[in-house]
Amino acid sequence: MAAHRKPRQRSLGGHTVRTAATIALAGAAGTTVFDGTGHAEPSPTPAQVKAKVDKLYQEAEAATEKYNGAQEKATAAEERLKALRDEAARKEARLNSAREALGSMAAAQYRSGGLDPAMQLALSDDPDQYLDGAAFAERAGDRQSAAVARVRRQLREIEQLRGAARVELTSLQTRQTELKRHKKTITGKLDAARRLLSRLTAQERARLEQGADGATGATRASRASTGARDTLQAPGSATTTNSRAAAALSYAYSKLGSPYVWGATGPNAFDCSGLVLAAYRSAGVSLPRTTYAQIDAGRRVSRSELRPGDLVFFYSGITHVGIYIGDGRMIHAPNPSAPVRVAPLDEMPYAGATRVV
């Protein structure tokens with residue numbers, strides 16, 4: 001009889017109900033997310049965008065200084081390689097002349113050779129003349145030996161030059177690889193910054209790009225037309241007694257409003273160390289290309305000792321530099337979003353200062 005019983009239906013309760021409810025809720029949540037009405041990641045505020053962009057710019061500038069250093073070394077290696085090749089070419093020209101002289105000597109010996117010297121003396125119509133000629137031939141042989149030794153020495157020198165050239169070529173290729181790597185890093189950081197800035201409205205971008213001193217780009221650019229005498233006596237700026245520092249400051253003031261371009265040293269665009277390099281070059285002072293070399297180009301001074309014309313450095317890696325103008329301010333090339341401008345020292349983490357004149 002049991003075999004003919006109708007199976008008993010189980011009610012949806014207990015664990016089964018809870019499971020079904022969980023699945024239903026999960027499905028609803030999934031539908032909500034896919035419909036775009038769930039808890040989406042909130043858009044960053046302008047302040048958050050600025051913080052991220054500033055960090056990207058700082059990282060790009062660090063890579064720029066590495067690029068500048070590699071470029072400087074690549075240029076030096078290229079110059080050394082050219083000098084080695086020029087010297088090798090000159091020595092090869094002298095070697096070819098020496099070889100031609102040896103060839104002429106060998107041909108003359110071949111034409112006049114073949115008889116024993118004693119036999120030549122016996123058959124000579126004029127023994128005295130023969131003996132004089134034999135003495136000359138001996139001296140010529142000595143000269144030939146010296147010429148051979150000279151050729152061998154020149155060959156060794158040329159081979160050494162070629163070896164040094166191979167070393168320089170390898171160095172140059174290494175620097176060129178570094179340049180490509182740093183360039184890729186720089187462009188990647190700057191592209192990321194541009195993408196972040198593109199999310200902001202025009203008004204928000206304008207506020208972020210406004211200078212720390214409150215001046216707009218047009219105002220800063222207009223300052224460039226001010227004469228050197230007036231700019232060196234800008235309101236609140238201290239007086240510098242060093243003529244070369246004054247000349248460097250005058251140049252920097254004349255470049256207010258110029259765009260920031262990484263790797264540039266003027267005359268119409270600059271990166272931070274490029275502006276410093278160009279300003280002091282205009283004053284007859286030669287400085288290294290990079291920030292981390294420029295900080296060692298003069299005498300370190302404390303912040304309390306700062307004078308107009310001193311170089312001021314920022315960040316722990318010494319990746320940014322400006323020229324102090326007095327009253328706690330500097331002229332610097334900030335980043336691609338802002339031109340050369342006046343800014344307070346406290347705009348970035350201060351790292352130290354150097355007096356180069």
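**Helices on the sheet.** I began with α9, which lies across β2, β3 and β4 and runs at about 50 degrees to β3. This is a predicted model, so I keep that in mind for every entry below. How many of the eleven residues of α9 are buried? I get nine, so α9 is largely enclosed by the rest of the structure. My list of the buried ones reads C272, S273, G274, L275, V276, L277, A278, A279 and Y280. After α9 comes G284, and I noted its positive phi, near 80 degrees.

**The sheet itself.** Next I traced the strand order. The sheet is open and has six strands, in the order β1-β6-β2-β3-β4-β5, with antiparallel pairing. Which strands stand at the edges? They are β1 (299–301) and β5 (341–344); each has a single partner strand, so one side of each is left without a neighbour in the sheet. From one strand to the next I find a twist that averages 40 degrees. α8 also packs on this sheet: I see it touching β3 and β4, with its direction at about 110 degrees to that of β3.

β1 and β6 (residues 350–355) run antiparallel, and three bridges join them. In this pairing I found R299 standing opposite R355 of β6.

**Aromatic pairs.** I searched for ring pairs and the structure holds three of them. I wrote up two entries.

Y251 with F270: this pair is edge-to-face, at 6.4 Å centre to centre and with 90 degrees between the planes. Where do the two residues sit? I place Y251 in helix α8 and F270 in the loop between α8 and α9, 19 residues apart, so noted as a link between distant parts of the chain. Buried or exposed, I wondered about Y251 and F270? Both are buried.

F314 with Y350: the ring centres are 5.9 Å apart and the planes stand at 80 degrees, so I put this pair down as edge-to-face too. F314 lies in strand β2 and Y350 in strand β6, so the pair ties together parts that are 36 residues apart in sequence. I checked burial here as well. F314 is buried, at a relative accessible area of 0%, while Y350 counts as partly exposed at 25%. Y350 turned up again in my search for charges over rings: the charged end of R303 sits over the Y350 ring, 4.7 Å from its centre.

A cis peptide bond joins G266 and P267, with omega about 5 degrees. I find P267 in the loop between α8 (243–254) and α9 (272–282).

Two non-glycine residues with positive phi also went into the notebook. I318 has phi near 55 degrees, and I located I318 in the loop between β2 (311–314) and β3 (320–326). D327 has phi near 60 degrees, and its place is the loop between β3 and β4 (329–332). Are they buried or exposed? I318 has 15% relative accessibility, under the 20% cut-off, so I count I318 as buried. D327 comes out at 52%, over the 50% cut-off, so I log D327 as exposed.

**A look at α4.** I picked Q160, which is found in helix α4 (residues 127–198). Q160 is exposed, with a relative accessible area of 57%.

**Whole-protein tallies.** I count ten helices and six strands in the secondary structure. Of the 357 residues in the protein, 34% are buried. Among contacts with a separation of 6 or more, I get 66% from residues 24 or more positions apart. The accessible surface comes to about 21,400 Å², and 54% of that belongs to carbon and sulfur atoms.

Technical notes: Residues are numbered from 1 along each chain as its sequence is written. This is a predicted model: local features need pLDDT of at least 70, side-chain atom pairs count only at pLDDT 80 or more; totals for chains, interfaces and linings use all residues. Side-chain values use heavy atoms; hydrogens and water are left out. Helices (H or I, at least four residues) and strands (E, at least two) are DSSP runs, numbered from the N terminus. Buried means under 20% relative accessible area, exposed over 50%, partly exposed in between (1.4 Å probe, protein chains only). Two strands pair if DSSP finds at least two bridges between them. Axes are lines fitted to C-alpha atoms, for helices over the stretch in contact, and angles run from 0 to 180 degrees between N-to-C directions. Contact means heavy atoms within 4.5 Å. Rings of Phe, Tyr and Trp (its six-membered ring) pair if their centres lie within 6.5 Å; planes under 30 degrees apart count as stacked, over 60 as edge-to-face and the rest as tilted. A charge sits over a ring if NZ of Lys or CZ of Arg is within 6 Å of the ring centre and within 35 degrees of the ring normal. Accessible areas come from the Shrake-Rupley method with a 1.4 Å probe; for residues, only the protein chains shown count as cover.
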